[in-house]
Each structure stands twice: as structure tokens, then as C-alpha cells.
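Me: I would like to go through this structure by asking what each label rests on. Please set each value against its cut-off before you conclude anything.

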Amino acid sequence: MKQIEVQEVTNLRSLSKGHVAYFFTDQEKYVSNVVDYVIAGLRQDECTIIVESDRMAPMIVLKLAQLLTVPELDQVRFLNNFEFYYAHGDFRINSIPDLLPTLFKGEFDPDMGYRTWAHIEWRDESEVSKLLHSEQQADFIVEQENLLSVCAYDSRLVSGDFRQRLLASHPIHLHDKD
């Protein structure tokens, strides 16, 4: 698998597909990066599906509302990350392509492109193996659907070994610039 090191989200603008691991440290920078990612998608006629926590989503929505028009905002959908990943009772990936019709309430054009951004959190260390398995499934879905998909992890919660294992299942790597 070819590895690509990307330093800033703005460098993702030239990508049309791929599975990205993003390790963040700064909450403000994280929010700005999500917003940049959404705007880059809109410029490529793609809607964005954001799987995010209840504490981060309002900050992202506020910043997007300051920068986008109402029709542009209609091209962005939010899902609660714990509801998404724990829909079946324990941690596992859900297929966003299967959820598209319900996300856009019949308004989604199946020919329209989309991209995803997921802030991944887990309840305890026992779920790490499930998370790694889910990332392998996600990599398959991303490749099959020709998506651009960012998986965001808080660097403070990821051990060195776990980070290396996550990097192995993501061909594109992104981190906050130091």
C-alpha cells in the first residue's frame, strides 16, 4: 500500500479519493480543518457527511454557518459519532453508502459525490481491536465507493503502538503542523 504524508488539510484539495488518518492535538485547529475540508468538498460539488461528537459538532456548525450559504449548508450532514459507531450495541463501522437515502431524506442525488469526516472515539481500551477491524472494513468501503474519507483521532488518546496500527490501515496520513 502506497503511503502519502500530508501536512495540512488544504493539501487534500487535490485528492478525490482515499482513506486518511488524521491525528489532531488542537481543538481550534481541528474545527478549522473540518471547515476547510467541507469547503473543499463544496468546490468539487461534493456533499460532506460528518460523524462527530456532541461537544465538537456545535463549534463546527457555528463556523460553517458564518462562512456558507443556506444551500451550501444543506450539502452537509452531521451524525453523532457514538450513535453511529455503537448503533449495534458495540463498536463497529456502519456503511455510510447504505445510510445516504436516510441522511438526505430523499434529496440526495445518487450521482452526486460525497466525502466523509469521522471523529472516532471509543469507550475503553477493550474496543481497540474492534476499532482496528472496523478501520480495515472502512478502508475496503472507501476504496469500493471511491470516497475521500478522513478518520480523525485525538492524539492524546492514541498510544504509539495503536497509532502505528491505525497508520497501517490508512494510505494517507495527516497531522497538525507543529
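Me: What makes the contact between the side chains of glutamate 121 and arginine 55 a salt bridge?
Reply: In this predicted model, the side chains of glutamate 121 and arginine 55 come to 2.6 Å, N to O, and the cut-off for such a nitrogen and carboxyl oxygen is within 4 Å, so the pair is called a salt bridge. Glutamate 121 lies in the loop between S5 and helix H6 (128-145), and arginine 55 in the loop between S3 and H2, so the contact ties together parts that are 66 residues apart in sequence.

Me: Which residue does the side chain of arginine 115 meet in a salt bridge, and what does the pair tie together?
Reply: The partner of arginine 115 is glutamate 46, at 2.7 Å, N to O. Arginine 115 belongs to strand S5 and glutamate 46 to strand S3, so the pair links parts that are 69 residues apart in sequence. Arginine 115 has 1% relative accessibility and counts as buried, and glutamate 46, with a relative accessible area of 11%, is buried as well. The structure holds 4 salt bridges, including these.

Me: How do you know whether arginine 156 and aspartate 154 are buried or exposed?
Reply: Aspartate 154 has a relative accessible area of 10% and is buried, whereas arginine 156, at 64% relative accessibility, counts as exposed, because exposed means over 50%. The side chains of aspartate 154 and arginine 156 meet in a salt bridge at 2.5 Å, N to O.

Me: What makes one face of helix H2 the buried side?
Reply: In helix H2 (residues 57-67), Ala57, Ile60 and Leu64 are buried. Seen down the axis of H2, the buried residues fall within an arc of 65 degrees, so they line one face of the helix. That side packs against helix H1 (27-43), S3, helix H3 (70-73) and strand S4 (76-80), while the face turned away from it carries the exposed residues Leu62 and Gln66.

Me: How many disulfides are there?
Reply: The count comes to 0 disulfides, where the rule asks for a pair of cysteine sulfur atoms within 2.5 Å. Cysteine 47 is buried, with a relative accessible area of 0%, and cysteine 151 is buried, with 5%.

Me: Which backbone oxygens does the side chain of histidine 173 reach?
Reply: Histidine 173, found in strand S7 (residues 172-175), has a side chain that reaches the backbone oxygen of histidine 170 at 2.8 Å, and a polar atom of that side chain lies 3.1 Å from the backbone oxygen of leucine 167. The cut-off for a polar contact is within 3.5 Å. Histidine 173 is buried, with a relative accessible area of 10%.

Terms used
Residues numbered from 1 in each chain as written. Predicted model: local features only at pLDDT ≥ 70, side-chain atom pairs only at ≥ 80, totals over all residues. Heavy atoms only, no water. Buried < 20%, exposed > 50% of the residue type's maximum accessible area, 1.4 Å probe, protein only. Helix = DSSP H or I, 4+ residues; strand = E, 2+ residues; numbered from the N terminus. Arc of directions from axis to C-beta. Contact = heavy atoms within 4.5 Å. Polar contact = N/O pair within 3.5 Å; in protein donor to acceptor, adjacent residues only side chain to side chain.
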